[in-house]
Amino acid sequence: MFKPYASLLEGKIEHEARQAVLLDNPIAVGAVGGSGTRILAQILAEAGVAMATPSNDAHDALEWPPMHPIIHTDKLQSMPLETRLRAAFWGLEFLLLKRREQLGLSGRTGWKVPATHLWLRELADYFPAIQYIHIIRNGLDMAYSGNQRQLSMWGEYVGLHTQFDDTGRAAAGDAMEYWLIANEKAMEVGAPLEGQFLLVRYEALCQAPDSELERIFSFLELDIDVAERAALADRIRPTATLNRFRHHKWRDDFTQVQLQRLEALGYRP
């Protein structure tokens with residue numbers, strides 16, 4: 001474990017800061033897990049962004065704080081959560097700078113961690129010029145995803161009490177509820193972050209990759225020429241699991257209220 005985080009988990013604050021000093025404008029990519037964040041992280045890295053070290057095949061950031069123990073470790077409960085989060089984000093700032101130096105780059109830094117959206121408000125307080133890209137994918141498809149890691153780890157954190165079966169899976173209705181809560185909250189927190197929050201629909205990214213990448217690069221103010229953008233867009237392919245919900249009895253799995261909330265987020269069956 002990286003030293004800033006190991007110290008924090010021992011109850012020691014290595015550096016106290018209310019805001020980032022050396023790195024105030026990182027790029028963050030998040031979503032409910034399984035929404036297509038991996039390809040965007042790879043594209044940003046190829047576009048010259050000093051992305052955090054991939055910790056796995058999904059390209060989740062190795063430098064990201066160990067949020068679960070930071071939040072839940074018993075010995076830290078006497079320390080205000082706000083203090084713990086600021087210490088964690090200072091560690092992240094420090095490690096991102098180290099990563100950029102290792103890569104020999106001098107521009108923007110960034111990370112991809114799907115659960116980033118859970119702390120978007122706190123991240124925006126610490127990194128005043130952060131730009132966050134939130135990828136959203138049809139909740140009907142997401143409810144039947146095999147990727148329920150975020151629901152398992154953070155469902156209770158957002159107030160959802162989920163029952164998991166013997167294989168560790170939650171019902172589609174619970175997966176949909178987490179998707180709804182997570183995306184509703186991300187949109188609520190992101191709304192006042194003018195110029196700092198961008199919603200990208202996974203379906204649009206697959207259907208019109210070049211125009212969506214143009215929109216993303218414009219948002220980030222990254223100067224990528226047309227030929228390079230086209231080459232990057234060519235790497236984006238629709239997944240075979242698009243519209244997988246049609247192979248399930250989805251009308252029986254979700255309440256009418258859930259379907260109305262789904263539609264409010266831009267999706268209808």
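Which residues touch the most other members of the largest nonpolar core? Let's take a look, view by view.

This is a predicted model, in which local features need pLDDT of at least 70 and side-chain atom pairs count only at pLDDT 80 or more, while totals for chains, interfaces and linings use all residues. Residues are numbered from 1 along each chain as its sequence is written, and side-chain values use heavy atoms, leaving out hydrogens and water.

**View 1. The largest nonpolar core.** Trp64, Trp111, Trp119, Phe127, Trp179 and Phe254 touch the most other members of this 57-residue core. Such a core is a set of buried Ala, Val, Leu, Ile, Met, Phe, Trp, Tyr and Cys residues joined through side-chain atoms within 4.5 Å, where buried means under 20% relative accessible area (1.4 Å probe, protein chains only). Helix α8 (residues 172-190) gives the most to the core, with eight residues; helices are DSSP runs of H or I with at least four residues, numbered from the N terminus.

**View 2. Around Trp119.** Beyond its neighbours within four places in sequence, Trp119 is in contact (heavy atoms within 4.5 Å) with Trp64, Met67, Ile71, Leu85, Phe89, Trp154 and Tyr157.

**View 3. Helices α2 and α10.** Helix α2 (residues 37-46) packs against helix α10 (residues 209-220) at an angle of about 60°, with the axes 13 Å apart. Axes are lines fitted to C-alpha atoms over the stretch in contact, and angles run from 0 to 180 degrees between N-to-C directions. From α2 come Leu40, Ile43 and Leu44, and from α10 come Leu213, Ile216, Phe217 and Leu220.

Key
Helix = DSSP H or I, 4+ residues; strand = E, 2+ residues; numbered from the N terminus. Buried < 20%, exposed > 50% of the residue type's maximum accessible area, 1.4 Å probe, protein only.
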